[in-house]
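Student: I have a model open and want to learn how to read it. Where do we begin?
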Amino acid sequence: MIDVLYFAWLRERIGLGRERISTQAPTVKDLVDELRAREERYALAFEDTSSLRVALDQELSDFDAPLDGVREVAFFPPMTGG
Amino acid sequence: MLRVQSDSFDPGDELSAFAKGRHDIGAVVSFTGVVRDTDKTLKTMEIEHYPGMTERAISKIMDEARTRWNLADVLVIHRHGALQPGEVIMMVATASAHRAAAFEAADFLMDYLKSRAPFWKKEIGANETAWVAAKDEDEAALDRWTSSPPD
């Protein structure tokens, strides 16, 4: 089981901020493919991953990264702090 | 010191208290970010964040600043939640023996907070609502800290 979090417009497009899912996806990219295949709203939200960022266990990472041992995956648009 | 909070704060009070009573400091530099409403259409700015990662990411940036410059103290306060035009969003303060380190470190902290701290701003206007898009130049601003590491 893995916690998947969504923020900002991604959260709005998918319609929830957090969900716990069962997955065997070896990498972030594979997880995104699984999510896309689920429902239209996921497919639309993850249409262009170049406009998205990913964090694994609260550290910025990338879409090629392995999910082995990861408990929390977060997807979000580029940050606008400050 | 780092604080991530929804409550408002007074940057003047924070600055007065910052590095108070220390005699090894010759320079204090601060930056305050304020909700801007240039076109007079903004009603509210909503700032979303990623609890947990926000604190981790900012702490990392502060540690990096302390590694690069000889700083006596560093302060970051960043708000989240619903803010009105004119309200203070965040502040950064740096203290060091000499001004160059304090200026550079404050500049570095702001560049990284913009693009590496997990906050997302949403502008709720009279007629429309939109997420603030990250700017390419904000991302590019990080390059100047990686291409030639400051002393």
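Student: How many residues of chain A are in contact with chain B?

Tutor: The model is predicted, so read contacts from C-beta atoms placed from the backbone, within 7 Å. On that basis, 13 residues of chain A meet 21 residues of chain B.

Student: Which elements of chain A supply at least two residues of the side that touches chain B?

Tutor: Helix H1 (8-14) and strand S5 (72-76) of chain A each do. By type, that side of chain A has nine nonpolar residues, four polar and no charged.

Student: Which residues touch the most other members of the largest nonpolar core?

Tutor: A:Phe7, A:Ala74, B:Ala65, B:Ala105 and B:Leu109, in a core of 53 residues. Helix H3 (residues 99-116) of chain B gives the most to this core, namely eight residues.

Student: What does A:Ala74 touch?

Tutor: Leave out residues up to four places away in sequence. Then A:Ala74 touches A:Leu5, A:Phe7, A:Val54 and A:Ala55 in chain A, plus B:Tyr50 and B:Met53 in chain B.

Student: In what order do the elements of chain A run?

Tutor: From the N terminus, β-α-β-α-α-β-β-β. That comes to three helices and five strands.

Student: How does the radius of gyration of chain A sit against a compact globule?

Tutor: A compact globule of 82 residues would have a value near 12 Å; chain A has 12 Å, which agrees. Along the principal axes, the C-alpha atoms of chain A fill a box of roughly 30 × 30 × 20 Å.

Student: What share of chain A counts as buried?

Tutor: Of its 82 residues, 27%. For sequence range, take contacts in chain A between residues at least 6 apart: 52% join residues at least 24 apart.

Key
Residues are numbered from 1 along each chain as its sequence is written. Chains are lettered from A and ligands numbered from 1 in the order in which they are written. This is a predicted model: local features need pLDDT of at least 70, side-chain atom pairs count only at pLDDT 80 or more; totals for chains, interfaces and linings use all residues. Two residues are in contact if their C-beta atoms, placed from the backbone, lie within 7 Å. Helices (H or I, at least four residues) and strands (E, at least two) are DSSP runs, numbered from the N terminus. Ala, Val, Leu, Ile, Met, Phe, Trp, Tyr, Cys and Pro count as nonpolar, Asp, Glu, Lys and Arg as charged, and the others, Gly among them, as polar. The radius of gyration is taken over C-alpha atoms; the globule rule is 2.2 Å times the number of residues to the power 0.38. A residue is buried if 20 or more other C-beta atoms lie within 10 Å of its own, exposed if 12 or fewer, and partly exposed in between; C-beta atoms are placed from the backbone. A nonpolar core is a set of buried Ala, Val, Leu, Ile, Met, Phe, Trp, Tyr and Cys residues joined through C-beta atoms within 7 Å.
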